[in-house]
2 protein chains.
Amino acid sequence: MTTPALGRPTIDRETCVALDAADPLSRIRSRFSLPDGVVYLDGNSLGALPRDTAAHVQRVITEEWGTGLIRSWNDAGWFAKPQTVGDLVAPLIGAGPGQVVLGDSTSSSIFQATVAAARLRPGRRVIVAERGSFPTDLYVLESVQELLGGGRPLERRLIADDGPTLDDVLDEDVAVVLLTHVDYRTGRMHDMAEVTRRIHAVGAVVVWDLCHSVGAVPVDLVGADADFAVGCTYKYLNGGPGSPSFIWVAEQHQADARPALTGWHGHAKPFDFTVDYAPASGVERFRVGTPQLLSMSALEVSLRLWAEVDLGEIREKSLCLTELFISLVDARLTPRWGVEVVTPREPARRGSQVSLRVGSGYEIMQALIERGVIGDFRAPDLIRFGFTPLYTSYADVWDAVDTLESVLDGEVWREPRFARRGTVT
Amino acid sequence: MTTPALGRPTIDRETCVALDAADPLSRIRSRFSLPDGVVYLDGNSLGALPRDTAAHVQRVITEEWGTGLIRSWNDAGWFAKPQTVGDLVAPLIGAGPGQVVLGDSTSSSIFQATVAAARLRPGRRVIVAERGSFPTDLYVLESVQELLGGGRPLERRLIADDGPTLDDVLDEDVAVVLLTHVDYRTGRMHDMAEVTRRIHAVGAVVVWDLCHSVGAVPVDLVGADADFAVGCTYKYLNGGPGSPSFIWVAEQHQADARPALTGWHGHAKPFDFTVDYAPASGVERFRVGTPQLLSMSALEVSLRLWAEVDLGEIREKSLCLTELFISLVDARLTPRWGVEVVTPREPARRGSQVSLRVGSGYEIMQALIERGVIGDFRAPDLIRFGFTPLYTSYADVWDAVDTLESVLDGEVWREPRFARRGTVT
């Protein structure tokens, strides 16, 4: 096929179908329940449903809860689940067993991690964060600044991809730097090891937000000598809507780290029912209260899929998918409609999503969704497509661009039913 | 039947069966899936499984998540669930719509509520709590004392049923009093309206922990003029293991209350993705991050059961069940084994559980559980039986005491397999 405007060839759909046939990961796609007629490119917001999930959760409900009742806290291993399921996350982020524990939500885990991180540098009064981070990171930090400030809030310094840079703001007043590994809007990825090194050079502690990287790109927290990390499991890890967050604490900090939410599940001896708080010895001290077992059970079954795949293969396919998408956009959309690819083109700086800047992005995305291509919109002007190597096919990529071209071409997004009402990450 | 040791008649099993036949609530028992051969008296720790739950959660997984995917955040009302499901809790605690929102765990909600409560009294430096409260309340408070202390932790004053009393410690330095409505060990119930009045008399704010009262006893937060309340939904509300907590904020405090966990789901305009935090206008500001939808969906279906029952009927049956249990213990167990009823005998001071003080309580409970009578043990010496009017029968009560008598009589609890290893609330 040839794009007439350019006179140069682009890949055709048949080639994409052939790439899928040759793809070693295509066997995994059948392990997901994907609705007919949908090209799902929003797995970076809510991952698709693994086929094994429903039956597993059903068994937990009817057997473990219904029949086992209270006995399942011991007999079915419920009490230890935040650690045992956390151990399934560990290999995806370059962490060892006993270093990860599940939390409630990412927001709650960011609170836990940033308070503990700041307490490791008690004399310092500055927290660095990113203006472009997912907003909850900043909202939570506002509270941390106030609560740890002792009457005068800690200072916040914001950096951004277009400045101020990290080097502009780093100095020996900085206690904590909270960074998102892969930017939720643009898909820009930090060099974790290099950035961590610069943060450590001024004696500060880093907290990595892995929401948009875990399960999508290689993460090596121990190799990068990172301090804390938090992440989300309902995006690339397919744990289901609102599945629990996780928190990783480097081994060297576990004995000194002091969480803010000192609930009984993080107590050294929760069943002694003592009056005074004493933290558990390891990362378990970051547990809070009774975990939401049904949501956790869905996550557990989705995490078991990862034992069947190679993370190098995931990254390779992810880059092929995003590369294909970018090249199709370049060839078919940019010349005629001025669509701008805002995601970095260098593979090393890119996560597993591609975002396009385009006017009327909200309406365009609504029209796309109506045609079965599901991505999402991020204010003010980005449409975002997530590529999840476990189940996204090359044909999906082709179909998405083809549908987007037809939406732009026919100006169907101008129809009143696509007018803005709201959207959700 | 006659108890030989006393020579006086006690109620017999046939009478209990007849009471069940006449019980208007017995129709509800069939709505629960209870395992055969089990007398379940631990619904105050983990409620039994409603029959509708599994199918509902299955539908949420396969249809709302699997097919609806990200669209369900709007189309299936997911985003509003912490409020809409909270509105189902409201009538059980004497609250109006828009006053309750679901949280993560009780511990997390206690943190949210006590920080917000203390911030309403910024000049005061004392928090009052109960030595006998469930330990997580005190563990969380330790953190609140430090975080709000501004370098010097807030002072904690502990009260207890055997003193110091509330009146001993209340003065105008007290900012917040955190009280558990029904004591988790003894089942003792506070007079909420009267105690709230005394707390307000010194200008302090009260936070009620309703974990062991919601769904078991009448609660009228608005009528008692209370300030904040938190509670658990996996006990008498049957929401499933670790189902989300709830938080209630009196309308007069909603505009001024400042939560500590300032996540994006509690933001005034979460989808504007602004850099600065601004709290939502109502109780929604106590939301934190993305809620765990699958656990919440199980809770939603269990809460719908309450529309079919009258809360006065619940309380009446609860008192009959606990009265029957106490009288059978008095007649059959106390004279021969010195078993002591520690739960108040006055109905107005009793929740829906009865606790017995007995040596070797742990081992006795293990032997009971092996015989299909499930209650629990609370250190150091209490065995605890919860009576859940939705599904506990009078015959259950009779069978429990009868089995306990046989365990004591045969001294079967001395067998080595019942030796202590651990237990869970």
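Into which domains is chain A divided? In this predicted model, local features need pLDDT of at least 70 and side-chain atom pairs count only at pLDDT 80 or more, while totals for chains, interfaces and linings use all residues. Residues are numbered from 1 along each chain as its sequence is written, and chains are lettered from A and ligands numbered from 1 in the order in which they are written.

Chain A comprises domain 1 (2-51 + 310-418) and domain 2 (79-308), with bounds from an automatic or database domain assignment. The C-alpha centres of these two domains of chain A are 30 Å apart. Their contact (C-beta atoms, placed from the backbone, within 7 Å) draws 25 residues from domain 1 of chain A and 20 residues from domain 2 of chain A. On the domain 1 side, H12, E14 and E17 of chain A each supply at least two residues; helices (H or I, at least four residues) and strands (E, at least two) are DSSP runs, numbered from the N terminus. That side holds eight nonpolar, eleven polar and six charged residues. Here Ala, Val, Leu, Ile, Met, Phe, Trp, Tyr, Cys and Pro count as nonpolar, Asp, Glu, Lys and Arg as charged, and the others, Gly among them, as polar.

Turning to the sheet, four strands of chain A form an open, antiparallel arrangement in the order E13-E14-E17-E16, where pairing requires that DSSP finds at least two bridges between two strands. Strands E13 (340-341) and E16 (376-378) of chain A are at the edges with a single partner strand each, so one side of each has no neighbour in the sheet. E13(A) pairs with E14(A) (residues 353-357) over two bridges, and A:Glu340 stands opposite A:Arg357 in E14(A). H12(A) packs on this sheet, touching E13, E14 and E17 (382-386) of chain A, and its direction makes about 20° with that of E14(A).

H12(A) (residues 311-332) also packs with H15(A) (residues 394-410), at about 25° and with axes 10 Å apart. Axes are lines fitted to C-alpha atoms, for helices over the stretch in contact, and angles run from 0 to 180 degrees between N-to-C directions. The two helices H12(A) and H15(A) are therefore roughly parallel (angles under 35 degrees). Contributors to the contact include A:Leu321 and A:Phe325 of H12(A), along with A:Trp398 and A:Val401 of H15(A). By class, the residues of this contact of H12(A) with H15(A) are nine nonpolar, no polar and two charged.

Between the chains, 72 residues from chain A meet 72 residues from chain B. H3(A) gives the most to the chain A side, with nine residues.

Terms used:
Contact = placed C-beta atoms within 7 Å. Parallel < 35°, antiparallel > 145°, perpendicular 65-115°, else oblique.
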